[in-house]
Amino acid sequence: MELFLKQKNGYAALPKSGDIVDGEVIEKKGNRVFVDLGVGGTGIVYGREYTEAQDIIKKLSPGERLTAKVIEPENDEGYVELSLREAGREKNWQEMRRLMDSGTTIKLKVTEANRGGLMLEYLGVIGFLPASQLSQENYPRVEDGDKEKIFEALKKLVGQELNVAIIDFNPVESKLIFSEKSRETEALKAKLAAYKVGDV
């Protein structure tokens with residue numbers, strides 16, 4: 001009965017495709033890395049996943065713990081196929097979700113400007129800051145709303161650091177949208193908090 005329960009519990013813990021798992025490096029052999037996933041079995045990083053994660057793999061030693069994403073729960077050899085790159089991307093998107101949900105602002109450098117707004121990079125993803133989401137301080141005010149003049153004004157912000165918040169993202173499309181206005185909203189809230197009903 002005890003053996004049955006152990007097997008049952010072990011089976012329940014088997015990883016599924018898309019799961020993020022933690023394990024301990026058993027060994028690096030040729031172009032393969034073997035990982036102990038406990039009751040989840042033995043994981044393997046090889047093929048394209050090995051090639052794409054070489055910069056991570058070369059720093060690994062047996063006994064070290066790592067985080068990976070399950071690509072295939074059980075391949076033809078009985079191993080759990082893993083991706084180190086995918087796990088890193090997954091963690092990055094989870095961090096973006098946390099920042100968006102909490103409304104936390106982050107300081108990022110403007111890398112590029114186009115006619116619609118600015119480009120900023122965060123955790124390896126290029127995000128977009130629409131001109132309409134710029135603060136009053138940075139919003140380009142030009143006569144007649146001339147698009148070329150707006151573009152020239154936006155280009156002057158390249159290289160500058162802005163405090164922005166994530167307002168939308170989509171991991172599937174690698175879409176990331178920023179806003180600088182949230183900083184102004186927070187500042188206004190802080191000012192208004194000093195007043196009580198009835199104050200003039």
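Modeller: Gladly! Let's begin just after helix α4, where Gly103 takes a positive phi of about 75°. Keep in mind that this is a predicted model.

Colleague: Which residues does α4 cover, and which strands does the helix lie across?

Modeller: Helix α4 spans residues 84-102. The helix lies across β1 (20-29), β3 (42-45), β4 and β5, and runs at about 100° to β4.

Colleague: How do I judge the length of a helix like α4?

Modeller: Compare its span with the one expected at 1.5 Å a residue. With 19 residues, α4 reaches 27 Å from its first C-alpha to its last, close to the expected 27 Å.

Colleague: Which residues of α4 are buried?

Modeller: Buried means under 20% relative accessible area. In α4, Leu84, Ala87, Trp93, Met96 and Leu99 are buried.

Colleague: What caps the N-terminal end of α4?

Modeller: Look for a side chain that reaches a backbone nitrogen there. The cap is Ser83, with a side-chain oxygen 3.0 Å from the backbone nitrogen of Glu86. Ser83 also belongs to β5, where it stands opposite Lys69. Strands β4 (residues 65-72) and β5 (residues 80-83) run antiparallel and are joined by 3 bridges.

Colleague: What do β4 and β5 form along with other strands?

Modeller: To find out, follow the pairing from strand to strand. Here 5 strands close into a barrel in the order β1-β2-β3-β5-β4, with mixed pairing. From one strand to the next, the twist averages 55°.

Colleague: And how should I picture the side chains on a strand?

Modeller: In a regular strand, side chains alternate between the two faces of the sheet.

Colleague: How many bridges join β7 to β8?

Modeller: There are 6 bridges between β7 (residues 117-122) and β8 (residues 125-130), and the two strands run antiparallel.

Colleague: Last one: is Glu180 buried or exposed?

Modeller: Glu180 is buried, because its relative accessible area is 1%, and the cut-off for buried is under 20%. You'll find Glu180 in the loop between β10 (175-179) and α6 (181-192). Its side chain reaches the backbone nitrogen of Ser135 at 2.8 Å. Leaving aside neighbours within four places in sequence, the contacts of Glu180 include Leu129, Gln133, Asn138 and Val164.

Key
Residues are numbered from 1 along each chain as its sequence is written. This is a predicted model: local features need pLDDT of at least 70, side-chain atom pairs count only at pLDDT 80 or more; totals for chains, interfaces and linings use all residues. Side-chain values use heavy atoms; hydrogens and water are left out. Two strands pair if DSSP finds at least two bridges between them. Helices (H or I, at least four residues) and strands (E, at least two) are DSSP runs, numbered from the N terminus. Buried means under 20% relative accessible area, exposed over 50%, partly exposed in between (1.4 Å probe, protein chains only). A polar contact is a pair of N or O atoms within 3.5 Å; within protein, one must be able to donate a hydrogen and the other to accept it, and residues adjacent in sequence count only if both atoms are side-chain atoms. Contact means heavy atoms within 4.5 Å. Axes are lines fitted to C-alpha atoms, for helices over the stretch in contact, and angles run from 0 to 180 degrees between N-to-C directions. The expected span of a helix is 1.5 Å times one less than its number of residues.
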